[in-house]
Amino acid sequence: METVLSGIRSTGHLHLGNYFGALRNFVKMQNDYNCFFFIADLHSLTTHPHPDDFHASVKIILSEYLAAGLDPDKCALFIQSDIPEVSELYVLLNMLAYKGEMERTASFKDKVRLNPENVNTGLLTYPVLMAADILVHRANYVPVGKDQEQHLEITRVLARRFNSMYGCDVFPEPQSFKFGSGPIKVPGLDGNGKMGKSEGNGIYLYDDEQTITKKVMRAVTDSGPTEPNSEKPVVIENLFTLLKLVSEPSTVEYFNEKWNDCSIRYGDLKKQLAADICKVTLPIREKIDAIYNDDAYLHRVTSEGRDKARASASATLALAKKAVGFRTF
Ligand code: TYM
């Protein structure tokens with residue numbers, strides 16, 4: 001059976017970008033693949049979370065993952081730092097990752113631009129740690145949003161380089177998993193590209209109805225179409241992109257027609273969008289608190305997940321170390 005893996009940083013709450021870009025697809029895949037899903041707490045250290053908040057952040061994301069439908073009996077659900085083999089493979093892969101290629105990564109350049117006071121080397125080698133996460137389970141598919149495609153390409157480069165340098169075929173090249181048209185980018189409603197935690201524009205699965213409605217009603221729009229059948233500006237296209245994710249096709253068609261004949265009222269569109277987002281998120285939100293407060297359940301899930309993941313990771317690491325030339329005395 002082929003292996004699927006994906007992860008999420010343990011920062012904040014799950015937002016619609018995480019859900020539609022990646023999580024919803026994991027949930028669909030867990031019946032048909034050997035699945036590994038994890039919470040990337042080591043990656044989150046790049047932004048220096050306070051020690052008092054660190055564990056709670058992992059717990060929040062874990063509870064939200066479970067509430068959104070990940071079934072720990074069907075997949076290995078674990079915490080990245082519980083798998084020391086990841087850190088060991090990260091060291092090996094770092095020797096094959098060149099400074100120039102890491103500096104050219106779009107996500108690194110963005111981080112440098114946004115936080116020039118914290119350009120640590122963990123950020124520079126962030127894609128190498130991600131490659132270690134993926135390669136340590138020899139994953140075939142990685143369902144991620146569009147924003148992670150370049151990291152996946154770097155993972156393939158490192159897998160090829162390792163295999164070729166050490167004359168082996170330890171690592172398969174992981175592919176991004178294509179549902180429908182392929183990886184998507186869920187936009188923010190502030191007109192600023194993607195929805196994201198660092199962007200501060202998230203609509204969260206944990207948000208209540210009132211908060212969601214407020215966020216959607218504040219979405220940036222323009223003064224409306226002036227010519228029939230005109231192209232939509234980005235901020236309006238963003239509203240439609242979200243609408244397509246959460247609403248019935250007939251609803252999307254209705255507002256498209258209204259756009260095309262210039263009779264659209266953005267207030268109506270936003271009200272409908274907010275209501276349909278709530279319809280998707282409410283059943284998930286209702287489960288989050290009960291899971292968050294069930295320490296015994298979370299302990300069982302993460303222990304079983306850790307054991308499954310370590311069994312897989314230690315087998316791969318043994319192969320990789322043998323290929324590099326490590327031998328015991
Ligand atoms: P993170 O925590 O930023 O996001 C988790 C997942 O959500 C997807 N995503 C989006 N998809 C579409 N539109 C958006 N606006 C949007 N925002 C987030 C991301 O593509 C991702 O799939 N580096 C990763 C975590 C990670 C990982 C890995 C993922 C660490 N190791 C190994 C896969 C495999 C990250 O920061 O994702």
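**View 1. H11 passes H12 in a left-handed crossing.** A crossing is left-handed if the near helix is turned anticlockwise from the far one by less than a right angle, and right-handed if clockwise. This is a predicted model: local features need pLDDT of at least 70, side-chain atom pairs count only at pLDDT 80 or more, and totals for chains, interfaces and linings use all residues. Residues are numbered from 1 along each chain as its sequence is written, and side-chain values use heavy atoms, with hydrogens and water left out. Helix H11 spans residues 234–246 and helix H12 residues 249–260; their axes lie 9 Å apart at an angle of about 160 degrees. That makes H11 roughly antiparallel to H12. Angles under 35 degrees count as roughly parallel, over 145 as roughly antiparallel, 65 to 115 as roughly perpendicular and the rest as oblique. Axes are lines fitted to C-alpha atoms, for helices over the stretch in contact, and angles run from 0 to 180 degrees between N-to-C directions. From H11, Ile 236, Phe 240, Leu 243 and Lys 244 meet Thr 251, Val 252, Phe 255, Asn 256 and Trp 259 of H12 (contact: heavy atoms within 4.5 Å). By class, this contact has 6 nonpolar, 2 polar and 1 charged residues.

**View 2. Helices H8 and H9 cross at roughly 70 degrees.** The axes of H8 (126–135) and H9 (149–165) come within 9 Å. H8 is therefore roughly perpendicular to H9. Their crossing is right-handed. Tyr 126, Pro 127, Val 128, Met 130, Ala 131, Ile 134 and Leu 135 in H8 meet His 151, Leu 152, Ile 154, Thr 155, Leu 158 and Ala 159 in H9. The contact has 11 nonpolar, 2 polar and no charged residues.

**View 3. The largest pocket has a volume of about 980 Å³.** Of its 46 lining residues, Arg 9, Tyr 126, Asp 147, Gln 148 and Lys 194 are the closest to its centre. Two or more residues each come from strand E1 (3–9), helix H1 (16–29), strand E2 (34–40), helix H6 (106–114), H8 and H9. H6 gives the largest share, 7 residues. The lining has 21 nonpolar, 14 polar and 11 charged residues.

**View 4. The whole structure holds 1 cavity of 30 Å³ or more.** On a 1 Å grid over the protein atoms alone, a cavity is a set of points where a 1.4 Å probe fits but cannot get out; a pocket is an open set with protein on both sides within 12 Å along at least five of seven lines; lining residues have an atom within 4 Å of a point. The largest cavity holds about 30 Å³ of space. Its lining is Leu 5, Phe 38, Phe 78, Gln 80, Val 86, Asp 133, Val 136 and His 137.

Definitions and conventions
Grid points are joined across faces, edges and corners, and a volume is the space filled by probe spheres set on the points. Helices (H or I, at least four residues) and strands (E, at least two) are DSSP runs, numbered from the N terminus. Ala, Val, Leu, Ile, Met, Phe, Trp, Tyr, Cys and Pro count as nonpolar, Asp, Glu, Lys and Arg as charged, and the others, Gly among them, as polar.
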